[in-house]
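Hi there,

Here is the structure I promised to pass on.

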Amino acid sequence: MPAQTPRIASAADVARRLQPVVVGGDILAYSYVRELHRAYGIERTIVLATQDIKMLSSSRFTDYRLEPLIHEPEGLYDALERVAAQVRAEDPDRVLLVLGCDDCHARMLSSGKPRLEAAGYTVPYIDFDLLDDITQKRRFYELCDELDIPYPRTWYFDCGESGPAELPVQDFPYPLIAKPSNSAQFQDADIPRKRKIYEIESAEELAQVWRDIRTSDYDNELVLQDFIPGGDDAIRTLTTFSDASGEVRVVSGGVVCLQDHDPTALGNPLCIMGEREQAIIDGARRFLKEVGYRGFANFDIKLDERDGSFRFFEVNTRCGRNTYYMSLGGQNFVELIVREFLLGETIEYREAYNPFVYSCVPRYVLDRSMKNRARLQQALEVLRRTPEPYPLHYAPDSFLHNFWARVMHVNQIPKFKRFYWDTDGKQLK
């Protein structure tokens, strides 16, 4: 049975009728643009961003528009409604699809879904009640408990007025990890010395982090977690796509050979090698079926070498910044959104694990940064055989786009020097 009444009659009509609108200016934004062109020949994707990101604004496949207020709900909805009115005035037969790049975009697009659908958009995100529920770390781990999915030992503390003035910092094992329960709210909060994730090495450091957050405008929970030993290559990523019944239809994932170590982007994988782990797939499948999840989800996991378990950290209710790796694994990822939400097709089950390495860094960075030399050699061998491993390089695009993509690639060298090599692998604080 089709997922819904199709908004576009057939795949042959997609290029003529579909008008994609992407919100954001990162690697995922361009991944949408290139894969829409590669799958359907779409020559014009409207991209809304707050600043001029050259690799996107110089692309021959983008209609790039600066919208300074799209990180606020009303600013985003207003911008999208103006775009919809213009597109419909030019061609009433056009079908609008909105795609976000960040956690805050996923929340706003989900929360504003009725308003955006009234403006003519297809919004391929779960309903807000479910999104708000499962993205709270405490609730995610409660579900993991119920479904026998491993996760790290965890403590929770209220950062609002009812929370403690001080934490029992002497009672915890060190090192440990500290992170917000609500990442989207934390991202917008004004916090001294803010980091995306905190690697805490002492009771004194935890006390300072608590003071910084407790006195800020972030009033949700702070999550403290047992630090699972292991380098970047102990981290796993899994991307899934589910149908309207919550059944996983496509899955892909791999080993994070190297992650970003910039404090503002810590945890974003910059090099991923495809690798299938049945235990990870099984855990994600149970979770998604239980909650009735539809569309893309991205899971962060880490191998705990102490007992061999794969411990789940969180679910991201959107494509990840690196979801282009699913395309490298054999399934163009934007095709799934179009087929499920616009064409109403039944999607056959498949696993996208063709050998691949996704990489946003030069080989020199991998050589200097990957401590597991056996993994490095394995990754380099697969990298040599991977066509287009870097999502920002796309031969059909303009010379200027590919020039700026190359600049971003080379700029990873000074970034790693500052945030990783010069700190001997420690988090810059």
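Asp190 sits in the loop that runs between helix 9 (183-188) and strand 8 (198-200). Please keep in mind that this is a predicted model. With a relative accessible area of 63%, Asp190 is exposed, because that value is over the 50% cut-off. Asp190 also belongs to a patch of negative charge on the surface, together with Glu72, Glu161, Asp188, Asp217 and Asp219.

The surface has a nonpolar patch as well. Phe399, Leu400 and Phe403 make up this one, which covers about 350 Å². Phe399 is part of helix 16 (residues 399-410), and at a relative accessible area of 69% Phe399 counts as exposed.

Another loop, between strand 6 (154-158) and strand 7 (176-180), holds Pro168. Pro168 is partly exposed, with a relative accessible area of 35%. Its C-alpha atom is 8.8 Å from that of Ala203, although Pro168 and Ala203 are 35 residues apart along the chain.

Helix 2 gives another picture. Helix 2 (residues 27-40) has 14 residues and spans 20 Å from its first C-alpha to its last, close to the 20 Å expected at 1.5 Å a residue. Twelve of those 14 residues are buried, so helix 2 is largely enclosed by the rest of the structure. Among the buried residues are Ile27, Leu28, Val33 and Leu36, and also the charged Arg34 and Glu35.

Happy to talk any of this through.

Best wishes

Technical notes:
Residues are numbered from 1 along each chain as its sequence is written. This is a predicted model: local features need pLDDT of at least 70, side-chain atom pairs count only at pLDDT 80 or more; totals for chains, interfaces and linings use all residues. Side-chain values use heavy atoms; hydrogens and water are left out. Patches are made of residues with over 30% relative accessible area and no salt bridge: like charges are joined within 9 Å, nonpolar side chains (Val, Leu, Ile, Met, Phe, Trp, Tyr) within 5 Å. Accessible areas come from the Shrake-Rupley method with a 1.4 Å probe; for residues, only the protein chains shown count as cover. A salt bridge is a side-chain nitrogen of Lys or Arg within 4 Å of a carboxyl oxygen of Asp or Glu. The place of a charge is taken as NZ of Lys, CZ of Arg, CG of Asp or CD of Glu. Helices (H or I, at least four residues) and strands (E, at least two) are DSSP runs, numbered from the N terminus. Buried means under 20% relative accessible area, exposed over 50%, partly exposed in between (1.4 Å probe, protein chains only). The expected span of a helix is 1.5 Å times one less than its number of residues.
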